[in-house]
Amino acid sequence: MIADSVLCLSLERNFSDAQRYELFYSIGRKLQPDFPINDRGRYLLADKDFRGYFEKFLGSGNWKNFERRWNLAQMLRMLPPIAGDLAECGVFEGASAYQLCRFASEHGRRVHLFDSFQGLSVPKENDGAYWTEGGLSASEEKVRANLKEFHCFETFPGWIPKAFTKVADRRYAFVHIDVDLEQPTFDSIAFFYPRVSRGGVMLLDDHGYDTCPGARKAALDFMADKPEPVIDLSTGQGLIIKT
Ligand SMILES: C[S@@+](CC[C@H](N)C(=O)[O-])C[C@H]1O[C@@H](n2cnc3c(N)ncnc32)[C@H](O)[C@@H]1O
């Protein structure tokens, strides 16, 4: 209701975009003084192609992962010279898988999609209290429907890491890991790390979120004796570039 009144005021007074942003910024700073709000005028906000993709999967109106999705799109641009296929652990309805498929279909790669299609496995002690077993469940049919324009992907329904056995002999250029919990994150990194080509990328969607302490611990534990750092991106993603 307060937000509606502020909007009315800005319309009545015929505020410019810049004035509306300053209003948003000053209200945001009051409510969340320690939350950094990005500057306006960045090109990513005006990228029509990316926006078209993003809005296709908006569903519940969740704009919160706009920049994570943007980063994913940008990481894919590094891949043409890197050998190997693409994989995703944790697919949900296929929104990020769509980005992988789009790249793969344009560059003659395959995409391997791993999900229980029954939601999250059982959270353990290190996962905190945010997640519940069976949360974020979407059917394989729904994913197939969302990716129907592509022929470059295979789904591997089942629990991680059991579902990986069928791709043990493959190499990868890019692996997106987004399973929220410690054990499947650890198992995913442990399986794919030795199979990622030099220069290839592992992008960890949950790494920097206090809702996913187990996923962060899993990555840091596994990578502790490896040469590559896990880069903390400002979006909360973790980035590993294989050396
Ligand atoms: C956050 S969602 C993935 C979101 C998706 N990457 C996107 O950006 O749209 C997490 C997914 O991980 C899957 N998942 C969680 N634990 C799993 C496990 N142990 N084995 C297989 N899938 C799992 C869930 O079924 C869910 O679809």
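In this predicted model, the sulfur of Cys152 lies 4.2 Å from the closest cysteine sulfur, which belongs to Cys101, and this separation is too far for a bond. A disulfide would require the two sulfur atoms to be within 2.5 Å. Cys101 is accordingly in no disulfide, its nearest cysteine sulfur being that of Cys152. For the structure as a whole, the number of disulfides is 0.

Both cysteines can also be described by their accessibility. Cys101 is buried, because its relative accessibility is 0%. Cys152 likewise counts as buried, with a relative accessibility of 6%. The cut-off behind these assignments is a relative accessible area under 20%.

A further buried residue is Ser10, whose relative accessible area is 4%. Ser10 belongs to helix H1, which covers residues 2-12. When neighbours within four places in sequence are set aside, the contacts of Ser10 are Phe15, Arg20 and Leu23.

The accessibility values of these residues are collected here.

| Residue | Relative accessibility | Class |
|---|---|---|
| Cys101 | 0% | buried |
| Ser10 | 4% | buried |
| Cys152 | 6% | buried |

At the level of the chain, two domains are assigned: domain 1 spans residues 1-41, and domain 2 spans residues 47-241. The C-alpha centres of domain 1 and domain 2 are 34 Å apart.

Methods. Residues numbered from 1 in each chain as written. Predicted model: local features only at pLDDT ≥ 70, side-chain atom pairs only at ≥ 80, totals over all residues. Heavy atoms only, no water. Domains from an automatic or database assignment. Helix = DSSP H or I, 4+ residues; strand = E, 2+ residues; numbered from the N terminus. Buried < 20%, exposed > 50% of the residue type's maximum accessible area, 1.4 Å probe, protein only. Contact = heavy atoms within 4.5 Å.
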